[in-house]
Amino acid sequence: MTKVKINTGEVGRAKRSYRAEREFGLLVGGVLIALGGWWFYRGRYPALTIILPSLGATLALFGALRPKSLVVPNRLWMGLAEALGFVMTRVILGVVFFLVVTPIGLVRRLTGGDALGRRAGRGESYWKPYTERRADPKHYEKMY
């Protein structure tokens, strides 16, 4: 039996990488600068054309030079994204269900569709014989 050697050396704290915060600062800062520049070019939202590029430049500057200072803003941003994702998932699934699945079900019901064969009359067995293709064992080797 082989023994597992356990490293009992000094366990130091690993240096934390602030890559996520750097990416957050540069990406969100760049988007805010671009959005503010676009609105300035279009002549819309005059107050935001000053605020957004300033905020974006600050985020980009901190992201490039001092990403450690963006830990809290990044966490707040990710919390907002998680909350929006939680809500929007349910909204999108609700819309898909009520606008796609429900009408299909109603049309099937109105036209007499019975995919599960629940309206079949009583008989000795509910067994339905396989089609010739499904009865062939080679069918399972390449099913599609």
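Biologist: Which residues line the largest pocket?
Modeller: This is a predicted model. Its largest pocket has a volume of about 200 Å³. The lining consists of G105, R108, R109, G113, D114, A115, L116, R118 and R119.

Biologist: How many residues of that lining are charged?
Modeller: Sorted by class, the lining of the largest pocket has 2 nonpolar and 2 polar residues.

Biologist: Which element gives the largest share of the largest nonpolar core?
Modeller: The core has 7 residues in all: F24, V28, L32, W39, L52, L59 and L70. Two elements, α1 (19-42) and α2 (48-65), each give two or more residues to this core. The largest share is 4 residues, and the element that gives it is α1.

Biologist: Is T49 buried or exposed?
Modeller: T49 is found in helix α2. Its relative accessible area is 14%. Since the cut-off for buried is under 20%, T49 counts as buried.

Biologist: Which backbone oxygen does the side chain of T49 reach?
Modeller: Not counting residues up to four places away in sequence, T49 touches G36, W39, F40 and R44. The side chain of T49 also reaches a backbone oxygen at 2.6 Å, and that oxygen belongs to P46.

Conventions: Residues numbered from 1 in each chain as written. Predicted model: local features only at pLDDT ≥ 70, side-chain atom pairs only at ≥ 80, totals over all residues. Heavy atoms only, no water. 1 Å grid on protein atoms, 1.4 Å probe; cavity = no way out; pocket = protein on both sides within 12 Å on 5 of 7 lines; lining within 4 Å. Points joined across faces, edges and corners; volume = space filled by probe spheres on them. Nonpolar A, V, L, I, M, F, W, Y, C, P; charged D, E, K, R; others polar. Core = buried A, V, L, I, M, F, W, Y, C linked by side-chain atoms within 4.5 Å. Buried < 20%, exposed > 50% of the residue type's maximum accessible area, 1.4 Å probe, protein only. Polar contact = N/O pair within 3.5 Å; in protein donor to acceptor, adjacent residues only side chain to side chain. Contact = heavy atoms within 4.5 Å.
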